[in-house]
Amino acid sequence: MSLLDPVWTSLLYLAAAVCFILALRGLNSPRTARRGNLIGALGALIAVVAVFLSSRLENVPWILAAIALGSVVAAPVARRVKMTQMPQLVALFNGVGGGAAALVALLELSHAEESGVRLAIVFTLLVGAVSFAGSGVTFAKLQELMTTRPVVFPGLPAVMSAVLLAAVAAGIAVILTGSSALAVLLLVLGLVAGILLVLPVGGADVPIVISLLNAFTGLAVAASGLVLGNVLLVVAGTLVGASGTILTRAMAAAMGRSVAGILFGAFRGGSTAGSTAVSERPVRSSTAEDVAVLLGYAQRVIIVPGYGLAVAQGQHTAAELALALEARGIDVDFAIHPVAGRMPGHMNVLLAEANVPYESLKEMGEINPEFKTADVALVVGANDVVNPAAKTSSGSPIYGMPILEVADARQVVFLKRSMRPGFAGIENELLYEPQTSLLFGDAKDSLAQVLGAVKTL
């Protein structure tokens, strides 16, 4: 016998749903993101408690043991993961969600009598399996357990089409017969489809695919809610699916590309591929003291952070440098490209961690007109998001991607570890322009040297 009557259960579900909506609203801004996460966690806690109090559960000790085991594994991993590895963690968590939804649907098939419920099971099985397998491949790519380049082979489109057609046929058969064996076959086909979907994606496109797979997981969870007759799962899954879709479209627009182009661009050579090629063309190198003089006697400085800053964990030093320049009466802002780093908001979160004021973080549309008034644009670990090839080279894999217009600044300084290209695998012609100088080394160390030199001016 349940401890809660249906009215109280519905009220708790409503409270949890409201928490999920408020959480998504909070995640719209770095200023409120932390609060949004906490509200979302509260909603999840309310939902779990409501299920325990309103359902006649069997095997409660096993359920509690599974929750405890998951908490023991996930909590330390989430706390210790580096900011640069956050997309990998998101991919893993997302994949687990899709896989769990698929397994629940498989177990519920034996109780499903109506064709409508079987249709929801088929959808959950296929989409959840695609999300699970695809997320595993994105994790392997970002973790560099496999090549980040697109993986294609002759006949791949035909193989993908055959797998999808077989999945549709198996799904129809499951709806008509309720066969568990065919459901397992559908699950396997979904796993293969997920792998084939992500293999052709490379380089900077991978985080966008993570967002797309997150939307897939949300849809799978929503469908599993229909299978289980749980309204809250439907609401939560729909919210995740909708937000993931919106985010995917926004990231694709920030790259100046379509979602289809990201998924299938490798078939025509249009996907970012990554490269290790190093140019031998001469560039103008600088010392930390040279850069300090440029910055210290400027009136306006715009700092452009990128993935290299995150890898070096140099955000605190960058914040100190900004404060030191502002103490000299210099106007300093940080220019944020929407896809700089490895996930949306990566640079916002990184700099917020260093207590950089939100007012100093300027989005691309706001800061681009201001580069013309900047004496120095200091690019720290960024490459593709400032590469003019996105505007000038129609054959470039990043052609059409909106970029930060650092070339408009009077002087441009790149802090780079080496001349290695970014994920797009193409040279940045801005590196060879007369107004550009380069300071080579680890971003954190270089920033510390420049900061020390500025303080001695």
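This is a predicted model: local features need pLDDT of at least 70, side-chain atom pairs count only at pLDDT 80 or more; totals for chains, interfaces and linings use all residues.
Modeller: Residues are numbered from 1 along each chain as its sequence is written, and side-chain values use heavy atoms, with hydrogens and water left out.

Colleague: Why is Asn59 called exposed?

Modeller: The relative accessible area of Asn59 is 52%; exposed means over 50%, buried under 20% and partly exposed in between (1.4 Å probe, protein chains only). Asn59 therefore counts as exposed. Asn59 is found in the loop between α2 (30-54) and α3 (60-80), helices being DSSP runs of H or I with at least four residues and strands runs of E with at least two, numbered from the N terminus.

Colleague: What makes Asn355 exposed?

Modeller: Asn355 has 67% relative accessibility, so the exposed class applies. Its phi is near 65 degrees, a positive value in a residue other than glycine.

Colleague: What makes a set of residues a nonpolar core?

Modeller: The members are buried Ala, Val, Leu, Ile, Met, Phe, Trp, Tyr and Cys residues joined through side-chain atoms within 4.5 Å. The largest such core has 42 residues, and Ile121 and Leu125 are among those that touch the most other members. The largest share of this core, 9 residues, comes from α5. A second, separate core of 41 residues includes Val291, Leu295, Ile330 and Val376.
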